[in-house]
Amino acid sequence: MTKIKTYWKGLAEFNQKPLVEKLKQNEFVEEIAVDDFLSDKNIPSTSTTRRDFLKFLGFSTAAATLASCEAPIVKSIPYVNKPEEIVPGIANYYATTMYDGHDYASILVKTREGRPIKIESNKTCTNARVQASVLSLYDSGRLKEPIKNNNIISYSSLDSEIKSQLSRISEKNGNIVILTPSLISPSTRKLINQFSSKYNNVKHIQLDSVSSHSILEANKLSFDTRVLPMYRFDKAKVIASFGADFIGGWGHPNNEGDYIKGRNPKNKIMSKHYQIESTLTLTGSNACERLQIKPSEQKGLLSNLYEYIVGKSEVDKRIEKLAKNLKNNKGNSIVVCNSNDIETQVIVNAINFELENFEKTIILSKPSYLKQASDDEVNSLISDMNNGKIDALITHNVNPSYTLQNGSEYDKGLKKVGLKVATSLYKDESASQMTYCVPDNHFLESWGDAHPTFGEYSLMQPTIKQLFNGRQFQDSLMVWMGLSDGYQKFLQVFYNNWGINWDKALHDGYFNINEDFVSPNYKYVDGFNGFLTKINKANYIEFEMAEKISMGDGSQSNNPWLQELPDPLSRASWDNYLTMSAATARKLGVKNWNVSNGALNGSVVSLTVNGLTYTNVPVMIQPGQALDTVSMAIGYGRTAAGKCGNNIGFNAFKLGYGKADIKLIDGEHEFAATQLHHTMMGRDIVKETTLADYILDPSSGNKKAKYLTYKGKQPAEEVTLWDDHDHKTGHFWNQSIDLSLCTGCAACVIACHAENNVPVVGKEEIRKSRDMHWLRIDRYFSSEMTKQKAADENISSIEMYAEMEDPSANPEVVFQPVMCQHCNKAPCENVCPVAATTHSREGLNHMTYNRCIGTRYCANNCPYKVRRFNWFKYNENDKFDFNMNDDYGKMVLNPDVVVRSRGVIEKCSMCIQMIQAIKLKAKMTGKPVADEDVQTACSSACSTGAMVFGDANNETHSIYELKKDERMYSLLDHLNTAPSVFYQTKIRNKS
Amino acid sequence: MIFVRYFILLSLFVSLNILSAQTGEEIFKRDCASCHMITDAKLIGPGLKGVTEKYEREWLVKWITNSSEFIASGDERAIAIWEEYNKIAMPAFYYSDDEFEALFSYLENPPVEEVVADADVDGVVVAEDGMDASTQLMLAALALLIISWVLISVKNSLKESLNEETVSVQQSILSFFKKPINKLFSVLFVAIIGIKLFYDVTMGIAVTTNYQPKQPIAFSHKLHAGMQGVDCNYCHSSARTSKHSGIPSANVCMNCHNAVAEGPSGTEEIQKIYDAVGWDPDKRQYIEGYRQKPIEWIRIHNLPDHAYFNHSQHVSVAGLECQDCHGPIQEMEEVYQYSELTMGWCIDCHRESAVMMADNEYYDEMHKKLKVKYAGEKITVDKIGGLECGKCHY
């Protein structure tokens with residue numbers, strides 16, 4: 001028998017292993033090793049001789065040849081004992097729960113060979129952060145080992161030290177505090193109760209990064225129950241939101257889906273949504289009408305509205321229409337407010353009570369438990385800490401040093417606490433100050449349960465063995481109590497005692513329990529009339545903090561997918577900034593401008609709010625921001641988040657709300673925005689109409705371009721040189737995107753990232769317009785100037801187009817997801833010199849990466865600009881230190897989709913791997929492809945049903961009808977590219 | 001004539017002998033081999049080498065037909081064996097007289113162990129199936145050169161003997177190339193050969209037909225799939241359901257090899273499975289706390305990362321046999337790559353193979369339309385898009 005064979009790539013490898021190893025890992029051969037090779041350190045200072053030149057030449061040729069050879073030995077290593085449920089190559093799905101203290105979702109997790117790779121919605125809507133949380137699991141910046149004072153310690157010594165200290169504190173009757181986010185896990189609550197019976201003086205305090213304290217307290221005053229109501233946005237005919245961004249994350253995650261349910265133009269009835277806010281939010285950009293106010297006006301306006309509703313005849317002009325509409329829709333409306341002021345929220349309660357909304361659209365009898373924290377408790381904890389009254393502090397996944405406005409007070413108090421234990425995913429700003437840090441398990445590695453709303457429960461189960469030496473919080477608690485059973489068993493016993501069928505509940509991921517409920521009674525708070533105020537508009541620039549859909553509260557800020565996700569409104573990524581209106585900017589001398597390569601730059605200012613000054617704060621001029629108000633997103637300015645999240649922008653948590661002193665200073669900031677234009681420049685890229693017009697004529701706003709031919713005026717599809725493909729015989733995969741239902745929430749963008757191994761490229765590359773997103777969501781603002789207006793007022797074209805570039809101060813906003821349109825007469829296919837992009841008979845435009853030679857003719861010829869060029873080998877080039885270049889981060893890659901190499905074009909494939917998989921399943925079971933089975937990553941992530949995917953040749957698929965809909969249009973239809981992706985006109989309720 | 005008759009007789013005798021030995025072998029492999037070796041080695045039961053000499057036939061027949069009854073009857077030798085082997089009685093087997101005869105004659109003349117020839121080549125073993133065209137051309141050119149050399153020499157010798165003027169061989173060859181027409185043809189000739197050579201070499205890059213690496217365990221498909229007739233799906237169970245056919249995990253091997261500790265080549269190779277899972281063949285139990293090591297097979301069929309291939313599509317939907325692509329696997333002692341696995345090879349098959357549309361509701365609608373579109377033609381895979389790039393490259 002022969003001995004085990006070893007292959008060399010040549011003599012060079014045999015003789016010179018280390019150098020060749022180095023060569024292999026370097027993407028650019030010329031960067032490698034010429035210096036190493038020529039060992040003459042003085043080479044740069046001497047002139048290169050002919051002989052040297054030949055050496056260079058010969059060596060680089062040899063190196064290039066070496067690097068291009070492929071290693072032939074590939075190992076195939078099967079399991080020793082294969083788990084029965086795992087079949088290599090087939091995905092398993094597990095139902096579990098995502099909860100990180102800020103976001104909650106009941107989800108399905110797709111795992112391949114034991115690795116979670118994708119998150120799907122199970123019962124709740126999933127936003128971008130939930131979709132991206134699968135990557136946070138593989139964050140190599142997580143806390144990996146238990147540590148004591150920055151040194152790794154074993155669990156046994158950690159546990160014995162903590163236990164003995166807890167006993168000593170308990171004997172002395174010292175105070176022990178457990179600090180967690182809103183605790184929605186009933187079993188953990190029971191554990192904490194047991195913990196408090198084991199040790200004396202245990203207090204459990206909850207801390208929410210973005211708290212709903214004021215609403216909870218207001219409900220306590222008005223209803224005597226300290227809970228958050230569930231809002232039925234689907235049942236409301238009139239919605240008035242005073243700053244509440246309920247699509248972006250305020251309240252329950254299902255708000256987004258419910259809201260859109262009430263706004264489907266198909267039903268010929270759409271809720272009327274008024275947004276009264278100062279910072280343009282995602283919710284505000286979807287509103288029918290949007291009113292810009294300063295934060296200081298909010299309470300006065302609400303008082304004014306209340307007085308009108310209870311009988312006063314006059315109301316502020318700006319909200320007159322809204323007030324009348326509300327009054328006419330008693331029991332069918334919702335008024336919500338984001339205020340942190342309890343009195344304001346009491347007024348909101350009074351308005352809703354007078355409008356008879358409670359228990360009709362605002363359900364308090366079946367409340368939500370997602371936010372429970374009390375700011376008062378937290379503040380008293382901080383003062384207790386500073387007074388040296390707290391002897392032990394155990395924190396669980398909270399980051400008070402970062403999220404609290406008075407975080408420095410907390411830090412100061414922390415020094416006086418005896419026993420400091422953090423159970424945390426990261427060694428973050430707060431955990432790094434603790435004596436002991438126990439690495440917590442990610443929710444995908446943990447057992448757990450959740451009770452998010454009345455009667456609804458969901459379970460959490462591990463979908464992967466823990467990656468690091470972590471231990472979940474509940475297990476730690478049990479060990480410190482001296483219980484050895486483990487939390488998994490505890491949890492199972494807990495629900496078995498309730499008579500729950502554990503296996504079924506675990507399989508489904510959730511279960512409902514019919515519980516008795518009582519409708520709380522409303523009462524006017526004592527001294528209510530004293531709460532009402534006049535409208536006092538502050539005469540200074542006001543600051544308010546905002547929340548971005550991508551970053552949330554910043555707990556996932558080390559997630560490169562989220563960092564690179566462009567903000568739906570500003571379209572900037574990897575950044576936070578001060579947003580202000582164009583008028584305010586003019587007043588302060590602040591500017592945004594484009595540099596020679598098109599990238600956006602902005603002025604920087606120094607910003608002082610509540611005594612805290614940040615200098616070099618970049619300013620983004622944001623249409624829609626109210627005059628003399630500025631805002632900044634939370635979730636940035638982290639210092640201990642990890643390599644991706646650190647030192648980006650400023651921490652807006654510390655600023656809170658209040659007067660802003662802004663001074664223009666020298667310097668400029670470089671933004672990385674993926675869309676540099678704001679308006680459609682008079683073109684009908686997004687076709688829209690009003691509800692009234694739509695009811696009269698369903699095709700209104702959807703007029704097709706016609707060309708003058710010898711046969712008279714003809715629509716574009718009649719004027720063509722091309723033959724049609726046969727799309728009648730088999731499948732014809734089409735996608736419909738309803739612009740009326742799209743909220744711009746960007747969950748689809750992250751889903752696409754996860755499904756298709758889309759690389760992260762970083763801020764520098766985004767600035768060069770080299771973003772790799774296969775799916776982008778274009779955002780357009782309306783402009784004051786229209787073609788109609790120019791014609792009416794006889795304005796010249798030059799002037800018209802110049803003015804069209806500027807969006808209105810309070811613009812209408814549209815979102816338009818654009819991916820490869822899969823043209824059936826594709827401009828890209830004609831120009832490819834190597835036939836790397838070709839057409840399929842199923843209506844898809846194929847991109848064959850291994851055929852592509854990178855001429856980029858296709859990208860030039862694509863009218864939709866959806867083709868992306870791989871400038872680098874993002875998965876191997878160390879300059880792109882993101883998930884694809886990380887041993888842990890690589891585990892999230894979808895094995896069914898190839899990781900593209902340098903020098904090729906890539907683009908949306910319409911998730912062809914999912915189509916092929918579902919076709920194969922249908923063939924194996926011998927059944928036609930079912931409508932509900934066939935999805936793309938984006939359509940399945942869409943909470944509102946705006947994206948529908950299916951076979952347009954199959955009458956049972958909903959796409960079949962959608963294609964015939966009178967609202968259906970193709971993007972840039974005058975080009976007659978005949979795309980397989982089409983849009984439904986946007987309908988606005990302007991009644 | 002006598003010679004011929006003798007030959008016929010002999011061959012008859014031999015073939016008969018082989019016939020009975022084969023059925024005997026079949027019986028042995030079917031019924032006995034899981035507990036008995038044909039050597040001295042003990043398995044669950046004793047090794048059967050020389051058993052027919054040790055015991056008389058009647059005794060053996062009684063034992064095989066119903067050993068427990070035989071033991072109960074009080075036969076001393078039977079009881080002794082029973083006690084020696086942990087009081088485990090052998091299951092009863094009912095054979096006809098012929099079958100007994102076959103079995104005993106097999107046991108008397110066990111097959112001589114095949115000596116497995118050592119492969120003597122490092123690296124990729126390339127089976128030569130004839131010379132390629134360019135080599136033939138070159139050999140032909142060489143032959144021509146030698147012939148012309150010889151002919152010119154002969155001509156010169158003849159001329160010399162006639163005292164005529166001679167031109168040396170070199171000069172006469174050189175003068176041949178001085179003619180422009182000859183020059184042109186020679187250049188063309190060399191160029192054509194060169195281009196052909198270059199084409200052959202480049203087309204051969206990354207084609208790894210006959211790749212036959214040495215595996216960590218000398219597992220024989222010939223023995224398992226061929227002689228024992230184990231169904232391919234028993235080990236490669238996911239070929240019907242998944243994109244991967246799956247290499248069996250070691251616990252699948254143990255389903256049989258917890259009993260079979262010795263193969264034709266001895267215990268060494270099977271011991272490697274035991275080393276992986278931690279099985280003690282003497283105590284016949286798993287070693288507690290053993291750190292299991294996976295078996296690191298060398299992958300033979302390597303599709304590049306950018307090509308998607310799904311076994312279940314081809315096995316379950318198209319109904320292909322494993323051998324269609326993997327060749328006579330049941331005859332391979334060591335597996336080698338049978339097919340080219342190049343894109344041309346895939347496409348050729350997709351152009352020729354008909355889609356199995358009958359009795360599959362998925363295809364019903366499509367089939368109706370295809371029958372009209374391709375009236376009278378075979379509906380092959382390429383006609384439903386089987387040649388489209390994106391079907392395999394994404």
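How close do the axes of helix 9 of chain A and helix 14 of chain A come, and at what angle do they cross?

**View 1. Helix 9 of chain A against helix 14 of chain A.** The axes of helix 9 (residues 213-223) and helix 14 of chain A come within 8 Å and cross at roughly 55 degrees, where axes are lines fitted to C-alpha atoms, for helices over the stretch in contact, and angles run from 0 to 180 degrees between N-to-C directions. These two helices of chain A are therefore oblique to each other, the word for what remains once angles under 35 degrees are called roughly parallel, over 145 roughly antiparallel and 65 to 115 roughly perpendicular. The contact joins residues of helix 9 of chain A, including Ser214(A), Ile215(A) and Leu221(A), to Ile342(A), Gln345(A), Val346(A) and Asn349(A) of helix 14 of chain A; residues are in contact if their C-beta atoms, placed from the backbone, lie within 7 Å. The model is a predicted one, in which local features need pLDDT of at least 70 and side-chain atom pairs count only at pLDDT 80 or more, while totals for chains, interfaces and linings use all residues. Residues are numbered from 1 along each chain as its sequence is written, and chains are lettered from A and ligands numbered from 1 in the order in which they are written.

**View 2. Helix 12 of chain A beside helix 14 of chain A.** Helix 12 (residues 298-309) and helix 14 (residues 342-354) of chain A have axes that come within 10 Å and cross at roughly 25 degrees, and the two helices are therefore roughly parallel to each other. Among the residues that meet here are Leu302(A), Leu305(A) and Ile309(A) in helix 12 of chain A and Ile347(A), Val348(A) and Ile351(A) in helix 14 of chain A. Helices (H or I, at least four residues) and strands (E, at least two) are DSSP runs, numbered from the N terminus.

**View 3. An open sheet of three strands in chain A.** The strands follow the order 2-3-4 with antiparallel pairing, two strands being paired if DSSP finds at least two bridges between them. Strand 2 (91-99) and strand 4 (115-121) of chain A stand at the edges with a single partner strand each, so one side of each is left without a neighbour in the sheet. Nine bridges join strand 2 of chain A to strand 3 (residues 104-112) of chain A, and Tyr93(A) stands opposite Lys110(A) in strand 3 of chain A. Helix 6 (residues 128-137) of chain A packs on this sheet and touches strand 2, strand 3 and strand 4 of chain A.

**View 4. Two partners of strand 25 of chain A.** Strand 22 (residues 578-580) of chain A pairs with strand 25 (residues 612-621) of chain A in the parallel sense over three bridges, with Thr579(A) opposite Met620(A). Strand 24 (residues 600-609) of chain A is joined to strand 25 of chain A by five bridges and runs antiparallel to it; here Val604(A) has Pro618(A) as its bridge partner. Two residues lie between the strands of this hairpin, in which Asn610(A) takes a positive phi near 50 degrees.

**View 5. The contact between chain A and chain B.** Chain B gives 49 residues to the contact and chain A gives 44 residues. Elements of chain B that each supply at least two residues of its side include helix 12 (250-257), helix 13 (268-277) and strand 3 (297-298). Strand 1 (residues 75-76) of chain A and strand 3 of chain B run antiparallel and are joined by two bridges, and Lys75(A) stands opposite Ile298(B).

Notes. Contact = placed C-beta atoms within 7 Å.
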